[in-house]
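Please examine the sequence and the three-dimensional structure shown below. The explanation that accompanies them is arranged by structural element.

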Amino acid sequence: MASEGFLLTKIIATLGPSSSSVETISQLIHEGVRVFRINFSHGTFDEYESLLANIRKAELESGTYIAVIGDLSGPKIRVGKVIDSGVKVQKGEIIKFVKNKITGGSKGNELTFTTTLLDFIDEVVEEERVLIDDGNIELKCLGKRKDKEKEWLECQVVVGGLITSSKGINLPETNLTLDALTKKDLDCVDFAVKNHFDYLALSFVRKAEDVRMLKKILFEKDARPSVFYTSAKDIGFKGDAHDNHHFIPIISKIEKPQAIDNLEAIIRETDAVMVARGDLGVEMDLAEVTILQKKVVKYCQMYGRPVIVATQMLQSMINVPVPTRAEVSDVANAIFDGADAVMLSGETAVGKYPVETVRMMNKIASRTNTYIKANAIHPGSELEKPDLSFRAAAIAKGVQTIVDTIDPKFLIVWTNMGGSAVYLSQYRMPVPILAFNSVESRLRQLSLMYGIRPINMSQPKSGSDFIRKIDRLLLKEQWAKKGDAVIIVSGDPIDRKGFANRIVIHYIGETVD
């Protein structure tokens, strides 16, 4: 499939120093990116604003709707200041963590460190693991100690290594009392609302209440509907589809053991999910990560939630122009599982070959989806939990049966609020979905969904008017030829919102009354 073609599995690219220019962003869109991620863990608000402006400029030049995800940092714990050379710790050594500001490794503090979490020594308890630098260094907590007015946390080194400033700390067994949102996160939410980001990704989600907290904040900023609709009811698309009101759906990142324990509740509460395999692979047994990925994707399918698989998908392409065979299999496996999108992080943010990486991912996705179609595999056929009393869900299930029978060129939907298109996408039919709407914010958000190509069209006067417009467009763009079958889904009347109740099998060129 050419990059200008109809993508099924979507590609998300993280922007950074290697990909910040309008020229490079335009190339990435040409090669298949439909969603860009701005990582709020790095950079300044001026830099985020510049990236967003460059995305919108490239989007306009490409004529393709592009979604933007703002990825909130969350309460990431890091090592405090350490001497420039770092401190090498050996297996069996006893090290300390303190609250007061010191420089780790300095005179008198040779094996003493601080962290960015002030209450770190109060949160971690005896026998719990402390992992530093993505798990390369492992400590075992021996407990909290006190001597007169001094307090510290004592740990024994299980696996040694070099501790330097700002290295990440993971606490896989600790039930942290931290809020899911930091002060910086709240500033980033303000920025995202003001600048009309299309999604917000919530990091280190542990329970459904974390999602509800962000929903409440967005509601207070008029960026969330008063009734917290999720993807089973139009993934947060609420209100008049013809106004400029902008609502921001939430993507919950699954990267903590506690999130796995509360998985169903989180998925029910959120609008979309990201399998963030980086921290998940640090905090849980690496051998379980693939199994957990499949579990999360399956539950997302059951509840009709869009799902992204992320982290190290083509990691070797940060430095070399060709991926490993295992990485190619990893991308394909995520597509077989039924992911809406696959995400690139360092590969496009800081890698040497950002454009080539996207081209490779697009090629893998295209070949995999061709195989899925040829072998009648249905990665999304486990949609079990949504209330089928919603017309959009019941209609989508009927469309799946028709697709298996007539093999249409396209699924076409007029979607006032987004729900009909989302449901069609969640059934993972290997057919491109042309989703028509007149509101740019809805169209951009739909860019994340499997199979959907969002297209701007003014409100048709009637169902027949819509079909005639579709006919002219497909023939003009040479996307179809006379006699090709398409399936059209809309409401009757077509301008009635939240009311998909009509399926039409149409052959291009057929006379419409």
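The structure is a predicted model. Its strands β1, β2, β3, β13, β14, β15, β16 and β17 form, in that order, a closed barrel of eight strands with parallel pairing. Averaged over this sheet, and with direction ignored, neighbouring strands are turned by 25° against each other. In general, the strands of a sheet pair through backbone hydrogen bonds, in either the parallel or the antiparallel sense.

On one flank, four bridges connect β1 to β17 in parallel, and Lys10 has Ala341 of β17 as its bridge partner. On another flank, β1 pairs with strand β2, residues 33-39, again in the parallel sense and over four bridges; here Ile12 stands opposite Val35. Strand β17 is also joined to β16, by two bridges between strands that run parallel, and Val309 has Val342 of β17 as its bridge partner.

How many of the five residues of β1 are buried? Five of the five residues, 10-14, are buried, so the strand is largely enclosed by the rest of the structure. This burial covers both faces: Lys10, Ile12 and Thr14 lie on one side, while Ile11 and Ala13 lie on the other.

Helix α12 lies across β1, β2 and β17, and runs at about 160° to β17. Helix α2 lies across β2 and β3 (67-71), with a direction at about 170° to β2.

Helix α10 itself comprises 13 residues, 325-337, and reaches 18 Å from its first C-alpha to its last, close to the 18 Å expected at 1.5 Å a residue. Its buried residues are Glu327, Asp330, Val331, Ala332, Ala334, Ile335 and Asp337. An α-helix has 3.6 residues a turn, so residues three or four places apart point the same way. The buried residues of α10 pack against the helices α8 (277-283), α9 (289-303) and α12 (354-374), and against the strands β16 (307-310) and β17 (341-344). After α10 comes Gly338, with a positive phi near 110°.

Asp185, Cys188, Val189, Phe191, Ala192 and Val193 are buried in α4. The elements that cover these buried residues include α2 (45-62), β13 (199-202) and α5 (208-220). Just after α4, His196 adopts a positive phi of about 55°.

A further sheet is open and has seven strands in the order β4-β12-β8-β9-β10-β6-β7, with mixed pairing. Strands β4 (77-78) and β7 (112-113) stand at its edges, each with a single partner strand, so one side of each is left without a neighbour in the sheet. Within this sheet, β8 (residues 129-132) and β12 (residues 168-170) run antiparallel and are joined by two bridges. Ile132 stands opposite Ile169 of β12.

Finally, where is Asn416 placed? Asn416 belongs to the loop between β18 (410-414) and α14 (419-426). Its relative accessible area is 5%; because this falls under the 20% cut-off, Asn416 counts as buried. Asn416 and Glu477 are 61 residues apart along the chain, and their C-alpha atoms are separated by 24 Å.

Terms used:
Residues are numbered from 1 along each chain as its sequence is written. This is a predicted model: local features need pLDDT of at least 70, side-chain atom pairs count only at pLDDT 80 or more; totals for chains, interfaces and linings use all residues. Side-chain values use heavy atoms; hydrogens and water are left out. Two strands pair if DSSP finds at least two bridges between them. The expected span of a helix is 1.5 Å times one less than its number of residues. Buried means under 20% relative accessible area, exposed over 50%, partly exposed in between (1.4 Å probe, protein chains only). Contact means heavy atoms within 4.5 Å. Axes are lines fitted to C-alpha atoms, for helices over the stretch in contact, and angles run from 0 to 180 degrees between N-to-C directions.
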